[in-house]
Amino acid sequence: MSVDGRNRPQEPLGIDDLVDRVRAGYTRISPEEAAAAAGEGALLVDIRYAALRERDGLIPGALVVERNELEWRLDPRGSHRAPEAVSHDLRIVIICNEGYASSLAVASLHQLGLHRATDLTGGFQAWRTAGLPVTPGQPTAP
């Protein structure tokens, strides 16, 4: 509110500032931490689009969910949930290509009550650079 008591629009927030603000609300994890979390039962979720998965490969055991379906697939109360989406307490690690889109996805999941969601710093590219397991991508059917 302004000094005169009227509501006025806030200054637009740039995407870099938005990502910084979102990331301040949770702790991101490294590729090695993500691999350890998966070993302890965390759900790795790959939100990269098909062309990137085909080109660069897949993380073994990761659930592939296109970004535009993410909330519907991970909401434990949702009508279109993935079988893995069993609880709001599930630890989820979101993986995009380089670690940017995943941060915004985590913010959305937090709004759904998935409070243990986080993302992989550096995304799939950091996972691969760390020498963690990757399987070849499979071409999608036309």
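So, where is Arg23 found? Arg23 sits in helix H1, residues 15-23; helices here are DSSP runs of H or I with at least four residues, strands are E runs of at least two, and both are numbered from the N terminus.

Quick housekeeping. This is a predicted model, where local features need pLDDT of at least 70 and side-chain atom pairs count only at pLDDT 80 or more, while totals for chains, interfaces and linings use all residues. Residues are numbered from 1 along each chain as its sequence is written, and side-chain values use heavy atoms, with hydrogens and water left out.

Okay, back to Arg23. Arg23 is buried but has no salt bridge, and the nearest side chain of opposite charge, Asp20, is 4.9 Å away. Buried means under 20% relative accessible area, exposed is over 50%, and partly exposed is in between, using a 1.4 Å probe and protein chains only. A salt bridge needs a side-chain nitrogen of Lys or Arg within 4 Å of a carboxyl oxygen of Asp or Glu. Not counting residues up to four places away in sequence, Arg23 touches Arg28, Gly99, Tyr100 and Ser103, with contact meaning heavy atoms within 4.5 Å.

Next up, Asp75, in the loop between helix H4 (70-74) and strand E3 (92-95). Asp75 is buried too, with no salt bridge, and Arg77 is its nearest oppositely charged side chain, 4.5 Å away. The Asp75 side chain does reach the backbone nitrogen of Arg77, at 3.0 Å. Beyond neighbours within four places in sequence, Asp75 is in contact with Arg81, His88 and Leu112.

Last one: Leu104, in helix H5, residues 101-111. Leu104 counts as partly exposed because its relative accessibility is 31%.

Definitions and conventions:
Lys, Arg positive; Asp, Glu negative; His and termini not counted. Polar contact = N/O pair within 3.5 Å; in protein donor to acceptor, adjacent residues only side chain to side chain.
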